[in-house]
Amino acid sequence: MVSNEGSEETGEEPRLPTTATVEKVLQNLEFNSPLNLTPITNFIRQEVVSRISFFENKISKIWLFQMFVQLGIPQVYLFAALMIFSGMMVRSMYKKSVYLLCNLVGVVYPAYKSIQAIDLSTNDNEKGEASNSSIIAFNEQKQWLTYWVVYGWLQIADNWSNWLLETFPGYNFFKLIFLYWAQNDRSKGATLIFEKLLKPLLKKPLINNIQNTTTSQKQRQTFRQKQQPIQQSIITRRVVEGIPSSSVSFRPDPPPEEIWKTDTVATSRESEVKPYRLNSVS
C-alpha cells in the first residue's frame with residue numbers, strides 16, 4: 001500500500017494506490033524491456049490508467065469503501081475486488097437482460113451530464129456575461145443534444161431488433177461500445193457526429209441560397225460594367241465632334257424590370273409564377 005504522507009508534506013496531490021501500482025508496473029516494463037515500449041505504455045497511460053484513476057478517486061470517497069480501508073484491507077486489493085465484482089454483475093446483466101443494460105448505459109450518465117449542462121447554462125444567463133464558461137456550456141449542450149438525437153434513432157432501430165440480431169449477431173455488444181464512445185468525455189463521439197455528419201447536412205440549403213443570391217448580384221454588376229464603357233465612348237465621340245455637352249444624352253440605368261429579365265434566376269421564377277396570375281380585364 002502506497003503511503004500519502006510524503007505527498008501531504010510537500011503539498012502535492014496524493015497519488016491513489018491502485019494508480020500508483022499500475023504506473024510502477026508500466027515503468028518497470030519500459031526499463032527492463034529490450035524494445036522501446038514507450039508508445040505502447042503512453043497509450044495505456046492515456047486510455048487505461050487515467051480511467052482507473054478517475055474511478056478510484058470516485059470510489060475512494062464512498063463511506064463504505066473508507067470503512068473497509070479502516071478495517072485494514074489494502075486499498076489496492078479492495079479496488080481490484082470491486083472492479084471484478086462489477087464486471088461480473090455487468091456480464092450477468094448482459095446475459096439476462098441486455099436491453100435493460102443498454103438502456104442503463106445509454107440514459108443514466110448522459111442524463112446526469114445533460115442536467116449539469118443545463119445548470120451551467122442557467123448560471124451563465126443569470127450572470128449575463130460572455131466568458132469561457134459560456135463557451136464550455138455551449139459545447140456541452142451541443143454534445144448532449146446530439147447524443148440524444150443519436151440515441152433516439154437507435155431506439156427506433158431497436159423496433160427491428162430481431163432482424164438486426166439475425167443479420168449482426170453482436171449488434172447489442174457493438175451498440176454498447178457505440179453508446180460509450182458517443183458519451184465519453186474523451187472521445188466526444190456525439191460532437192464528432194455533429195461536426196462531420198449533421199452540420200454539413202444542415203448547412204447545405206443555406207449555402208445554396210447564398211450561392212443563388214451571389215450569382216444574381218454578380219449578373220447585375222456585370223450588366224452595369226458593360227454599360228459604363230458604352231456611355232463613356234458616346235460622350236467622348238460627341239465631345240470630339242463638337243456637340244454641346246448639354247445635348248449629350250446619357251443612357252439611364254436600366255429599370256428594375258430589365259434587370260429582372262436579365263436575371264436567369266428571376267426569369268425562371270417569373271415563368272413559374274406567371275401561369276397563376278389572373279388575366280387583366282380590358
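Is Phe 68 buried, partly exposed or exposed? Phe 68 is partly exposed, with a relative accessible area of 32%, where buried means under 20%, exposed over 50% and partly exposed in between (1.4 Å probe, protein chains only). The structure is a predicted model in which local features need pLDDT of at least 70 and side-chain atom pairs count only at pLDDT 80 or more, while totals for chains, interfaces and linings use all residues. Residues are numbered from 1 along each chain as its sequence is written, and side-chain values use heavy atoms, leaving out hydrogens and water.

**The surface patch**

Phe 68 lies in helix α4 (residues 63–70); helices are DSSP runs (H or I, at least four residues) numbered from the N terminus. Together with Ile 62, Trp 63, Leu 64, Met 67, Leu 71 and Ile 73, Phe 68 forms a nonpolar patch on the surface, with about 680 Å² of accessible area in total. Such a patch is made of residues with over 30% relative accessible area and no salt bridge, nonpolar side chains being joined within 5 Å. A salt bridge is a side-chain nitrogen of Lys or Arg within 4 Å of a carboxyl oxygen of Asp or Glu.

**The nonpolar core**

Seven residues make up the largest nonpolar core: Trp 144, Tyr 147, Tyr 151, Leu 154, Leu 179, Ala 182 and Ala 190. A core of this kind is a set of buried nonpolar residues joined through side-chain atoms within 4.5 Å. Two or more core residues come from each of α7 (132–157) and α9 (171–183), and α7 gives the most, with four residues. Leu 154 touches Tyr 171, Lys 175, Phe 178 and Leu 179, not counting residues up to four places away in sequence; contact means heavy atoms within 4.5 Å.

**Aromatic residues**

The structure holds eight aromatic pairs. Rings pair if their centres lie within 6.5 Å; planes under 30 degrees apart count as stacked, over 60 as edge-to-face and the rest as tilted. Two of the pairs are listed below.

| Pair | Centre to centre | Angle between planes | Class |
|---|---|---|---|
| Phe 173 and Phe 174 | 5.9 Å | 70° | edge-to-face |
| Phe 178 and Trp 181 | 5.7 Å | 40° | tilted |

Phe 173 is partly exposed at 45% relative accessible area, whereas Phe 174 counts as exposed at 57%. Phe 178 and Trp 181 are separated by about one helical turn, because they stand three residues apart in helix α9. Phe 178 is partly exposed at 28%, and Trp 181 is partly exposed at 30%. Tyr 109, Trp 144, Tyr 147, Trp 148 and Tyr 151 form one aromatic cluster.

Methods. Patches are made of residues with over 30% relative accessible area and no salt bridge: like charges are joined within 9 Å, nonpolar side chains (Val, Leu, Ile, Met, Phe, Trp, Tyr) within 5 Å. Accessible areas come from the Shrake-Rupley method with a 1.4 Å probe; for residues, only the protein chains shown count as cover. Rings of Phe, Tyr and Trp (its six-membered ring) pair if their centres lie within 6.5 Å; planes under 30 degrees apart count as stacked, over 60 as edge-to-face and the rest as tilted.
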